[in-house]
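Hi,

Here is the structure I promised to send over.

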Amino acid sequence: MAPHAAPAATLVDSFGRTVRSLRLSVTDRCNLRCLYCMPGGRIAWLGRDLILSFEEIVKIVRLLARLGVREVRLTGGEPLLRQNLADLVGMLAAVDGIEHLALTTNGLLLAEMAGPLIRAGVRRFNVHVDSLDRETFERASRRSALGRVEEGLETLLRLGAVPVKINVVLMRGINDHEVLAFADLARRGPFKVRFIELMPIGDGERFEADRLVPGREVRARIEAAWPLVPAGRERPAAPARIFRFADGAGDIGFINPVTEPFCRSCDRIRLTADGMLRNCLFSRSETDLRTILRGPEGDADLEAAVRATVAAKGPGGCLDLAPFYEDRTARKMWQIGG
């Protein structure tokens, strides 16, 4: 990573929250079709001319780093589908002030790409796995690909990229019978399992409200087998509440945006693959940075747009999710960046 540089200024919203983290989507494309996320049929992907170039991405990240952003997490779609992604990682790792580069992936291409990504500067990996059973995985993702994910995880372990975080979205009646299997995976290490509540931000099957498994229910199921001890959060703005197994065999985390919103401590903003800056997954608005980048405006205009966007951040999109269970017109997670 580039050496730490004190920010010339900071990005603070009207509720006093300081922006330190960027979720950076590099593509809207994905090689899975998870039930709750994407439709199973034909999808109109963004055209190449609409996607930010590496140079455009780095220009925005350089500005954000100067304004106090310290962490960049690469997302998608599936980020490993972006051609020459390791080159972008290397460019971002060289940005003065960026201290942490992380990546969230479905793992299908990790066996081939983990090495180049680690060498380029990725230090933390979150791998999305909704089932440890081949048939259930195929039902949940509409693809027979668990074997490839397992190869990717094995590659990360072989290369020493530990601990690896496993993200799990539970769907009642689909994969929630695997709660204890995932908990046992965390107990055996070196994986850190994070259960994420199903959110109404996908464009797949319209069953979010019915299939939601609240985090408190998941925790109760685990505690019936293995007592848990609260361990707070990894950092104040981290979304996951961590619990250690009482016998000391690892830990587990719960990200509960639906039933226990954590908006009050949010330090994140999001940049979509086509250059739209968003304050939240559930924002009803976004700021077009691509047009500024490609137009006659200068750096001062770009900074002004970023500052205005952050200043307009509301109390939190997770605080009122009811409209999203009916609204199918807003941009979806795979278009925004998970």
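How many bridges join β6 to β9, and do the two strands run parallel or antiparallel? Four bridges join them, and the strands run parallel; V193, for instance, has I252 as its bridge partner in β9. Strands here are DSSP runs (E, at least two residues) numbered from the N terminus, and two strands pair if DSSP finds at least two bridges between them.

Before you go further: this is a predicted model, where local features need pLDDT of at least 70 and side-chain atom pairs count only at pLDDT 80 or more, while totals for chains, interfaces and linings use all residues. Residues are numbered from 1 along each chain as its sequence is written, and side-chain values use heavy atoms, with hydrogens and water left out.

The sheet

Strand β9

R244 has D251 as its bridge partner in β9. The two strands form a hairpin with five residues between them, and G248 in the turn has a positive phi of about 85°.

Five of the five residues of β9 (residues 251-255) are buried, so the strand is largely enclosed by the rest of the structure. Buried means under 20% relative accessible area, with exposed over 50% and partly exposed in between (1.4 Å probe, protein chains only). Both faces are covered: D251, G253 and I255 are buried on one side, I252 and F254 on the other.

The aromatic rings

A search of the whole structure turns up four aromatic pairs. The rings of F195 and F254 have centres 6.0 Å apart and planes at 20°, so this pair is stacked. Since F195 lies in β6 and F254 in β9, the pair ties together parts that are 59 residues apart in sequence. Both F195 and F254 are buried. F254 also pairs edge-to-face with F243, at 5.6 Å centre to centre and 75° between the planes. That pair links β8 and β9, with F243 and F254 11 residues apart. One aromatic cluster takes in F182, F195, F243 and F254. The cut-offs: ring centres of Phe, Tyr and Trp (its six-membered ring) within 6.5 Å, with planes under 30 degrees apart counted as stacked, over 60 as edge-to-face and the rest as tilted.

Two arginines

R194 is placed in β6 (residues 191-196), and at 2% relative accessibility it counts as buried. Its side chain makes a polar contact of 3.3 Å with that of E234 (N or O atoms within 3.5 Å; within protein, one able to donate a hydrogen and the other to accept it, and residues adjacent in sequence count only if both atoms are side-chain atoms). Beyond its neighbours within four places in sequence, R194 is in contact (heavy atoms within 4.5 Å) with residues including K165, N167, D251 and G253.

The charged end of R187 sits over the ring of F245, 5.0 Å from its centre (the criterion is NZ of Lys or CZ of Arg within 6 Å of the ring centre and within 35 degrees of the ring normal).

Cheers
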